[in-house]
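Here's a chain to look at together.

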Amino acid sequence: MSRLRRMSPRRSYDQYCSAARALDLVGDRWTLLIVRELLAGARRYTELHADLPGVSTDVLASRLKDMERDGLASRHRLPPPRAAYVYELTERGRELLPVLQALGRWGQAELGERRPTDAVRAHWFALPLLRALEGEGLVEVHLEEGVFHLYAGAEEDPVYREGPAIVEPDARLVLDVETSAAVARGELSMPDAVRAGRIEVTGDGTLAKALREV
């Protein structure tokens with residue numbers, strides 16, 4: 001019997017409602033945050049565990065198996081020399097991007113100030129910055145906590161990646177977590193942050209020029 005077929009049956013609300021059906025698949029704790037991480041492209045189990053502080057190894061493994069079974073993610077082995085197993089979103093899983101964007105927008109009012117116990121990763125600001133950016137282009141973002149790049153206004157897969165862009169970005173942004181959080185909370189627009197000197201913008205692309213000219 002295959003690994004997937006040995007899994008326990010999926011729990012269901014048993015309601016003939018599209019919202020209930022959707023929650024059957026993504027309503028469990030951690031599932032949507034795993035989707036957030038996999039929007040960065042294929043990732044190893046250890047990488048996922050490192051960027052989901054608070055999740056146990058058993059729960060993470062269980063959620064990933066559920067996502068495989070439900071057609072949201074797939075697992076495959078990379079060719080040598082890496083020869084590691086990675087997880088990535090299927091097309092069905094990638095369709096959850098607007099769901100996460102809408103959820104993030106709705107949750108802006110709940111973000112508040114960072115608590116002493118709150119973990120933070122630089123790339124967690126990728127989706128809020130995508131919502132805030134107007135225009136299209138490759139954007140490299142530098143925070144003290146790390147560097148990532150994202151694809152603004154484009155139907156790209158992945159949506160963002162950790163680390164510097166491998167080609168010259170259209171715009172390079174340097175900012176701090178406080179500014180990123182203010183943008184994520186909807187308290188500060190990108191143009192206002194640039195005008196206030198809270199975001200440094202460099203680059204020769206159309207997006208960089210537009211941000212500097214606001």
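What follows is a set of questions and answers on its helices, sheets and a few single residues.

User: Before we dig in, what kind of model is this, and which pLDDT do local features need?

Analyst: It's a predicted model, where side-chain atom pairs count only at pLDDT 80 or more, totals for chains, interfaces and linings use all residues, and local features need pLDDT of at least 70. Residues are numbered from 1 along each chain as its sequence is written, and side-chain values use heavy atoms, with hydrogens and water left out.

User: How are α2 and α4 oriented to each other: roughly parallel or roughly perpendicular?

Analyst: Helices here are DSSP runs of H or I with at least four residues, strands are E runs of at least two, and both are numbered from the N terminus. The axes of α2 (residues 31–38) and α4 (residues 57–69) come within 10 Å and cross at roughly 75°; axes are lines fitted to C-alpha atoms, for helices over the stretch in contact, with angles from 0 to 180 degrees between N-to-C directions. Under 35 degrees counts as roughly parallel, over 145 as roughly antiparallel, 65 to 115 as roughly perpendicular and the rest as oblique. So α2 and α4 are roughly perpendicular.

User: And which residues of α4 does α2 meet?

Analyst: Contact means heavy atoms within 4.5 Å. From the α2 side come Thr31, Ile34, Val35 and Leu38, and they meet Leu60, Arg63, Leu64 and Met67 in α4. By class, that contact has six nonpolar, one polar and one charged residues, where Ala, Val, Leu, Ile, Met, Phe, Trp, Tyr, Cys and Pro count as nonpolar, Asp, Glu, Lys and Arg as charged, and the others, Gly among them, as polar. The α4 residues asked for are Leu60, Arg63, Leu64 and Met67.

User: In the three-stranded sheet, which strands stand at the edges?

Analyst: This open sheet runs β1-β3-β2 with antiparallel pairing; strands pair if DSSP finds at least two bridges between them. β1 and β3 (residues 85–89) share two bridges, and Arg43 sits opposite Tyr87 in β3. α2 packs on this sheet, touching β1, β2 and β3, with its direction at about 100° to that of β3. Each edge strand has a single partner, so one side is left without a neighbour in the sheet: these are β1 (43–44) and β2 (73–77).

User: Now the five-stranded sheet: in β6, what is the bridge partner of Leu150?

Analyst: The order there is β6-β5-β4-β7-β8, an open sheet with mixed pairing, and the twist averages 20° from one strand to the next. β5 (residues 146–152) and β6 pair in the antiparallel sense over three bridges. Within β6, the partner of Leu150 is Tyr160.

User: Is α9 largely enclosed or largely open, and how many of its residues are buried?

Analyst: Buried means under 20% relative accessible area, exposed over 50%, and partly exposed in between (1.4 Å probe, protein chains only). The buried residues of α9 pack against α7 (108–111), α8 (126–132), β4 (137–143) and α10 (190–195). Helix α9 (residues 177–184) is largely enclosed by the rest of the structure, because its buried residues number seven of the eight.

User: Which residues touch the most other members of the largest nonpolar core?

Analyst: A nonpolar core is a set of buried Ala, Val, Leu, Ile, Met, Phe, Trp, Tyr and Cys residues joined through side-chain atoms within 4.5 Å. Leaving aside neighbours within four places in sequence, Phe148 has contacts including Phe125, Leu129, Val139 and Val141. Of the 52 residues in the largest core, those touching the most other members are Val141, Phe148, Leu150 and Leu173.

User: Trp30 has a positive phi; is Trp30 buried or exposed?

Analyst: Most residues other than glycine have a negative phi, and most peptide bonds are trans. Trp30 lies in the loop between α1 and α2, with phi near 85°. Its relative accessible area is 15%, so Trp30 is buried.

User: What about Asp14, buried or exposed?

Analyst: Asp14 is found in the segment before α1 (18–26), and its phi is positive too, about 55°. At 68% relative accessibility, Asp14 counts as exposed.

User: Last one: what is omega for the cis peptide bond from Pro80 to Pro81?

Analyst: Pro81 lies in the loop between β2 and β3. The bond from Pro80 to Pro81 is cis, with omega near 10°.
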